[in-house]
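The following exercises treat a single protein model.

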Amino acid sequence: MRAFLIFLVMVSMFPVAYATMQVTADGEAYNIDDEIALNVTIKQDISFKGFLKLELQCSNSSSFPFYLTPLAVEQGVSQALSTRLPAAESMKGECTVQTLLTNGNGNTVEQGGSGKFLVSNKLSGGLHLDKDIYKAGEPVFISGTVHKASGKPFTGTLDISFDNKKVSSIPVLGQVTYELHLADNEQRGKHYIHVGAQGSNT
């Protein structure tokens, strides 16, 4: 009986800290250089003083801490924080954000994570010509739409090339409208128009 009572006393002297931690991103897909807005909510069963650390983990094996702040949470009180992370080339693929509560010695006390989100350099949409066959000297009308991985309109610059020769760069805000003028002595046969994107969110 004595040993049993001692065991109960020892257990009561080491309470376990349980935390509810949620971290959410403001979207499910991002292009390179987009800003990822992150919201973190923490609620502890006991009061806690230490640090909150956020680490990025991506499917391409890149992993690094990007946020560290002192944190003091009162028992049962929910605390919210927010930060932003630019989507970088090294993050291409599926990523998650890990949340870690650490004490003054750097030891992890609690941890959690976000859902997956995608970082991509791809755009979607479609460009169309006003017809299939042209005569030399005729204008070629190009129109359509371009969207980012998130579905939002692409904002940036499109480079227009004709038979691998760049002919123009045009600013774009989702919608594309461009008139390409063929030379009066343009050769007969098949020709190719290439459109490439550049900018802060490709």
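**Exercise 1.** Which residue's side chain does a polar contact of 2.6 Å join to that of Asp26?

*Solution.* The partner is Tyr30: a polar contact of 2.6 Å joins the side chains of Asp26 and Tyr30. A polar contact is a pair of N or O atoms within 3.5 Å; within protein, one must be able to donate a hydrogen and the other to accept it, and residues adjacent in sequence count only if both atoms are side-chain atoms. Asp26 itself lies in the loop between β1 and β2. Strands (E, at least two residues) and helices (H or I, at least four) are DSSP runs, numbered from the N terminus. Leaving aside neighbours within four places in sequence, Asp26 is in contact with Ile36 and Ala37, where contact means heavy atoms within 4.5 Å.

Some conventions apply throughout. This is a predicted model, in which local features need pLDDT of at least 70 and side-chain atom pairs count only at pLDDT 80 or more, while totals for chains, interfaces and linings use all residues. Residues are numbered from 1 along each chain as its sequence is written, and side-chain values use heavy atoms, with hydrogens and water left out.

**Exercise 2.** State the confidence of the model and its overall composition.

*Solution.* Begin with pLDDT, the predictor's confidence in each residue, from 0 to 100. Its mean over the protein is 86, and 89% of the residues reach 70 or more. Over residues 1–17 pLDDT stays under 50, and for this segment the model has three contacts beyond four places in sequence.

Next, take the secondary structure: the protein has one helix and 15 strands. Of its 202 residues, 33% are buried; buried means under 20% relative accessible area, exposed over 50%, and partly exposed in between (1.4 Å probe, protein chains only). Finally, consider the contacts between residues at least 6 apart in sequence: 61% of them join residues at least 24 apart.

**Exercise 3.** Describe the aromatic pairing in the structure.

*Solution.* A search of the whole structure finds one aromatic pair. Tyr30 and Phe117 form this pair, with 5.8 Å centre to centre and 85° between the planes, which is edge-to-face. The criterion is that rings of Phe, Tyr and Trp (its six-membered ring) pair if their centres lie within 6.5 Å; planes under 30 degrees apart count as stacked, over 60 as edge-to-face and the rest as tilted.

The pair links distant parts of the chain, since Tyr30 belongs to strand β2 (residues 29–31) and Phe117 to strand β9 (residues 117–120), 87 residues apart. Tyr30 counts as buried because its relative accessibility is 5%. Phe117 is likewise buried, at 2%.

**Exercise 4.** Which residues have the most contacts inside the largest nonpolar core?

*Solution.* They are Ile42, Leu52, Leu56, Met91 and Phe117, in a core of 24 residues. A nonpolar core is a set of buried Ala, Val, Leu, Ile, Met, Phe, Trp, Tyr and Cys residues joined through side-chain atoms within 4.5 Å. The elements that give two or more residues to this core include β1 (19–25), β3 (35–44), β7 and β9. Strand β4 gives the most, with five residues. A second, separate core has 13 residues, among them Val146, Ile160, Tyr178 and Leu180.

**Exercise 5.** Is Thr96 buried or exposed, and what surrounds it?

*Solution.* Thr96 is placed in strand β7 (residues 93–102). Its relative accessibility is 14%, so Thr96 counts as buried. Its side chain makes a polar contact of 3.3 Å with that of Gln98. Beyond four places in sequence, the contacts of Thr96 include Glu55, Leu56, Ser114 and Phe117.
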